[in-house]
Amino acid sequence: MKTFFRKSRYIVLLALSLTLFLSCQDDDNGSIEFQANHSHLTTTKVNLYDFPEVIDHLSTKLSQDFQIEVDHSSYHTASRMGSNITVLTVDPTNASQSTDENEKSNFSALAEVEMMDQGGEFKFATYNVVVSEYGKEYYTFIVEYEYDKDWVASQTVGDYDYTTFTGFVRYYNVYGLFVRELTYTNGAVTAGFGIDPCTGQDDGDDLPGGGGDGPTVVITCGCDPGHNGGNSNPVCSCTLPDIITIYNFGPPDGDVSKDGLRSADPCGPGPGGGGDGDGGGGGDILDLPDECFLPNGDPIDCENPNIPLTPEELQENYFSLLTALASFIGDTFWTDYVDEMVWLGDNKQDATDLLYHLMNDDYSDNAYIFAFGAIELLMQGQIETINEIPVIVAPQFPINDIVEFLECFDSSQPATVTIYADQPVPNAFDAYTIVNGSAVVGHSFLSIDQNGNNSVLGYYPVGEPNPLLPNDPAILGQDDHRDFDTSITVEISGAVLQQVLDYIINFEPLYNLNDYNCTDFTIEIANIMGLGFPECNGSWLVGSGSNPGAMGQFIRTITPSDTVSVNTTGGNPSPTDKNC
């Protein structure tokens with residue numbers, strides 16, 4: 001037996017719950033006036049089809065069915081994943097117009113999520129596509145609004161105080177490439193960073209504004225319940241708006257062609273571009289750069305980045321896990337599992353590990369059963385991480401035809417059989433141990449040797465059973481590569497060899513970690529040969545059974561004889577070799 005727990009990077013389950021900024025108040029004609037930095041700014045709900053010039057501009061930027069893509073892999077200087085695409089459909093009928101004292105306007109339309117790449121990040125987010133009037137032209141960019149769940153939980157449903165908003169605003173250019181992020185805490189911008197979409201490098205703008213007096217955010221009110229996934233999740237409420245308008249009417253800093261949002265083609269020809277001219281380079285911004293850095297400036301390997309999750313990403317994964325668990329349990333999850341939700345909220349790395357496990361197992365029923373069992377073990381303090389749960393993996397070299405694998409042996413002649421114990425802790429009874437944060441359970445296996453023919457094999461599951469899900473179909477595997485800590489070798493007659501071969505060929509088809517595992521398989525063969533092995537039991541979390549640790553210790557007590565030899569120093573078995 002061997003432990004193995006896969007860790008994948010990310011999963012996208014975008015839920016259209018909505019972020020929010022500042023306060024808004026409807027007047028009789030549906031307009032909203034924001035009385036702060038821009039006292040003459042007016043925002044009104046509009047239909048973009050009433051503005052032919054805006055529709056014409058959008059038609060050159062969007063697909064024929066008004067779709068646009070966001071590439072989340074451009075979010076960091078070195079992406080954790082390949083291409084993580086969210087496809088958005090812009091709704092021109094669900095838009096707002098913000099106009100300043102100079103009669104310049106921003107138009108912001110709701111963009112609904114149509115498709116998510118399974119490799120991307122989880123977001124509770126609202127997307128807007130913004131058409132901004134600058135000089136005599138328009139430019140388009142995408143805004144992602146993400147709220148902080150703890151902030152929403154602190155509010156009174158139906159009476160949100162938007163002036164205390166806590167969350168994130170992310171900007172993507174018209175090509176869906178990340179440009180900058182603003183962090184809001186209690187209604188104020190507290191952090192931010194930007195990336196040059198042409199190079200993928202930090203643009204050095206710690207609190208990006210892009211000109212003027214910085215971005216200002218306005219809410220237009222209104223909600224479509226279909227955007228919130230219904231009322232099953234109490235953090236989703238139709239009191240939250242589904243259009244958020246962002247505007248910045250100040251002049252851009254420096255050359256417009258280098259502005260990640262305003263330039264028609266920021267990576268094209270010309271200064272700072274990626275084609276001909278002074279820009280230099282091929283313009284393929286998705287190629288790995290020569291040097292990669294974390295947002296804090298620490299260097300990392302571009303090709304194999306080991307990027308720690310940020311608090312925001314841990315929070316997103318926590319949201320994602322709750323959404324996934326609720327989809328399995330149903331609406332009662334939000335009332336029946338309050339303690340679990342609170343605990344996971346305090347232990348977001350564990351929530352992230354559980355989310356990865358669900359994703360790795362394609363959200364199967366067994367994956368959910370494992371997740372709920374693991375949460376209970378974590379809350380009880382029996383494990384520190386889910387990697388401490390033993391997971392038994394399939395053989396590295398499965399034997400697909402056991403009859404062919406054993407065809408060189410002749411039951412009319414004697415043979416030598418060796419039973420091996422790869423103990424979790426050498427010379428100890430431990431059923432499993434923790435090494436570098438992961439459970440290790442060892443393995444029991446055997447070899448048959450006769451006249452230069454040698455076969456090394458063991459009993460395995462097809463999948464990955466564990467104490468929470470102990471059953472799995474069984475398969476045999478070739479075990480030449482295994483180390484062992486102790487072994488016993490027996491000389492047997494041809495008649496006994498036939499019994500051993502028959503037992504192996506007709507192996508038990510159902511693997512059960514507690515009742516019949518690799519150690520039970522070898523114990524049965526040892527007893528066919530008259531060695532009198534006991535059950536060799538030990539326990540693990542929520543189960544118990546035979547194990548290599550206890551079996552290895554029993555082997556150490558056996559007294560050698562003329563036909564029996566014992567190895568207590570360990571080593572490697574002779575490799576499989578067929579000479580027939």
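**T563**

I started at T563, which is partly exposed, with a relative accessible area of 40%. The model I am reading is a predicted one. I placed T563 in the loop between α11 (548–556) and β25. I then looked for what T563 touches beyond its neighbours within four places in sequence, and found T489, V490 and E491. For E491 I noted the distance as well: the C-alpha atoms of T563 and E491 are 5.3 Å apart in space, while 72 residues separate the two in sequence.

**The whole protein**

Next I looked up the totals. I noted 11 helices and 25 strands in the secondary structure of the protein. The protein has 580 residues, and 54% of them count as buried.

**Strand β7 and its partner**

I turned to strand β7, residues 137–147. Is β7 enclosed or open? I found 9 of its 11 residues buried, so β7 is largely enclosed by the rest of the structure. I then checked its pairing with strand β8, residues 167–173: the two strands run antiparallel, and 7 bridges join them.

**Salt bridges**

How many salt bridges does the structure hold? I recorded 5.

The side chains of E144 and R170 meet at 2.8 Å, N to O. This pair links distant parts of the chain, with E144 in strand β7 and R170 in strand β8, 26 residues apart. Both E144 and R170 are buried. I also noted that E144 and R170 belong to a network of salt bridges that includes E181 and E316.

The side chains of E407 and K578 form another salt bridge, at 3.0 Å, N to O. Here too distant parts of the chain are linked: E407 lies in the loop between α8 (402–405) and β15 (415–422), K578 lies in the segment after β25 (564–567), and 171 residues separate them. Are E407 and K578 buried or partly exposed? E407 is partly exposed, with a relative accessible area of 47%. K578 is partly exposed as well, at 35%.

For D422 and R482, I read a salt bridge of 2.9 Å, N to O, between the side chains. D422 sits in strand β15 and R482 in the loop between β20 (471–478) and β21 (486–492), so I noted this as a link between distant parts of the chain, 60 residues apart. I found D422 buried, with a relative accessible area of 16%. R482 is buried too, at 8%. Both values fall under the 20% that sets the limit for buried.

**N128**

I looked up N128 in strand β6, residues 125–134. Its relative accessibility is 0%, and N128 counts as buried. Which side chain does the side chain of N128 meet in a polar contact? I found S108, at 3.0 Å.

**Helix α5**

I went on to helix α5, residues 338–346, and listed its buried residues as M341, W343, L344 and G345. I then asked which helices these residues pack against. The answer was α3 (311–329), α4 (333–336), α6 (348–360) and α7 (365–380).

**Helix α10**

My last entry is on helix α10, residues 518–528. I counted 8 of its 11 residues as buried, so α10 is largely enclosed by the rest of the structure. The buried residues are C518, T519, D520, F521, T522, I523, I525 and A526. I looked at both ends of the helix. At the start of α10, a side-chain oxygen of N517 reaches to within 2.8 Å of the backbone nitrogen of T519. After α10 comes G530, and I noted that its phi is positive, near 85°.

Technical notes:
Residues numbered from 1 in each chain as written. Predicted model: local features only at pLDDT ≥ 70, side-chain atom pairs only at ≥ 80, totals over all residues. Heavy atoms only, no water. Buried < 20%, exposed > 50% of the residue type's maximum accessible area, 1.4 Å probe, protein only. Helix = DSSP H or I, 4+ residues; strand = E, 2+ residues; numbered from the N terminus. Pairing = 2+ DSSP bridges. Salt bridge = Lys/Arg side-chain N within 4 Å of Asp/Glu carboxyl O. Contact = heavy atoms within 4.5 Å. Polar contact = N/O pair within 3.5 Å; in protein donor to acceptor, adjacent residues only side chain to side chain.
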